[in-house]
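Here is a short briefing on one protein structure. Look at the sequence and the fold, then work through the points below.

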Amino acid sequence: AAAMENEALTSGYVAERLQYYFNLLDSILFMMGAILAVSFFLIYAMNIIPLRRLCNAAKHFSIHQKNEPITLHTSDEFGDLAGALNIIAEDLNNFDDYQRAFISNISHDFRSPLTSIHGYAQAMLDGTIPYEAQEKYLNIILSETDRLTNLTSNLLELNSFNGDNVLLDITTFNICETIVQTVNTLEGTAAKKEISFVLDYNTQKELLVEADESKIHQVLYNLIDNAVKFSHNNSEIKISLRKKGAKVFVSVKDSGIGIPKESLNKVFDRFYKTDISRGKDKRGTGLGLSISKEIIQAHNQTINVVSTVDVGTEFVFTLKYHSKKQEASS
């Protein structure tokens, strides 16, 4: 009987211990489940939710509506991505304004010569302008058609720089000679305003660069032509060359009307003209500086401007230097 009683006690003790361990295991499993659930929730809250917000916001980006900024109070990769998407959203928001301004500017630049052409042609047809005076107005019509042709050509050229695959005919040439050729082209226009050119090559007559010569000639023409337009009578335009390391710095500096400080960051925009320049550049298209910037950037170089109203303006762009040692080694 005693043995049976001891066996019963032992069995009960064992059962109690087993139950204790089962309960402990259940508690551990429950705690692990709770920890996993909290971890999953945190992962979901920290990753899935912001990712979904970013995806939904990106899906609804449009140029036809105002894109609200994405607010994520985090400094991790999601915060960086939200910041990048906000920049895109802002650009899309500004695109509509840019498009309106672009259409307004191009419409104005086309309408003005077309109005003149139509008006003078109509006046000649209905006899308002007598036959003996028609030559004068035919020359005006011809000049206005040249203006339209120039504007169309500039637009087509500017459009060709919109892609990354800009075709450049890179050669090695003497930038000093290119400057002289450009100055000679504009010498007649400058002489009418008694403007003289000062060429500062730092005692160098030859400075070789690697670039597309025809396009760099166009850049120089645009910059020097601008300098002539906005320079005062009986003044000078200084064109300088400086070599620094692997770059050649080309400077075109005038002492003309200058550019207002608030307009400096816009001078390379398409069709942009400052208020004080409009009266002096009635025949300009507002595309010359924009084309110049596109050409220089296509060469992986830079162009900058510094200016002070009533003091003058200086444009500086860089080109890749080519040394004669390179020719010898090749």
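The side chain of Thr182 reaches the backbone oxygen of Thr178 at 2.8 Å. That is a polar contact, meaning a pair of N or O atoms within 3.5 Å; within protein, one must be able to donate a hydrogen and the other to accept it, and residues adjacent in sequence count only if both atoms are side-chain atoms. This is a predicted model: local features need pLDDT of at least 70, side-chain atom pairs count only at pLDDT 80 or more, and totals for chains, interfaces and linings use all residues. Residues are numbered from 1 along each chain as its sequence is written, and side-chain values use heavy atoms, with hydrogens and water left out.

**Helix 4**

- Thr182 lies in helix 4. Helices (H or I, at least four residues) and strands (E, at least two) are DSSP runs, numbered from the N terminus.
- Thr182 has 0% relative accessibility, so it counts as buried. Buried means under 20% relative accessible area, exposed over 50%, and partly exposed in between (1.4 Å probe, protein chains only).
- Other residues of helix 4 are buried too, including Ile175, Cys176, Ile179 and Leu186.
- At the N-terminal end, Asn174 caps helix 4. One of its side-chain oxygens lies 3.1 Å from the backbone nitrogen of Cys176.
- Helix 4 covers residues 175–192. At 1.5 Å a residue, its 18 residues should span 26 Å, and the end C-alpha atoms are 26 Å apart, which agrees. The expected span is 1.5 Å times one less than the number of residues.
- Helix 4 bends by about 50° at Leu186. The bend is the angle between axes fitted to the seven residues ending there and the seven starting there.
- Just after helix 4, Glu194 takes a positive phi of about 55°.

**Helix 5**

- Asp225 forms a salt bridge with Lys229, with the closest N and O atoms 3.5 Å apart. A salt bridge is a side-chain nitrogen of Lys or Arg within 4 Å of a carboxyl oxygen of Asp or Glu.
- Why are Asp225 and Lys229 separated by about one helical turn? They are four residues apart in helix 5.
- An α-helix has 3.6 residues a turn, so residues three or four places apart point the same way.
- Asp225 counts as buried at 16% relative accessibility, whereas Lys229 counts as partly exposed at 26%.

**Salt bridges between strands**

- How many salt bridges does the structure hold? There are four.
- Arg242 and Asp200 meet through their side chains in a salt bridge (2.9 Å, N to O). The pair links distant parts of the chain: Arg242 is in strand 4 and Asp200 in strand 2, 42 residues apart.
- Asp200, Lys238 and Arg242 are linked in a network of salt bridges.
- Lys320 and Glu210 also form a salt bridge (3.5 Å, N to O). Lys320 lies in strand 7 and Glu210 in strand 3, so the pair ties together parts that are 110 residues apart in sequence.
- Lys320 is partly exposed, with a relative accessible area of 41%.

**Strand 3**

- Leu208 lies in strand 3, which covers residues 208–212.
- Leu208 is buried, with a relative accessible area of 12%.
- The C-alpha atoms of Leu208 and Thr171 are separated by 9.9 Å. Along the chain, these residues are 37 residues apart.
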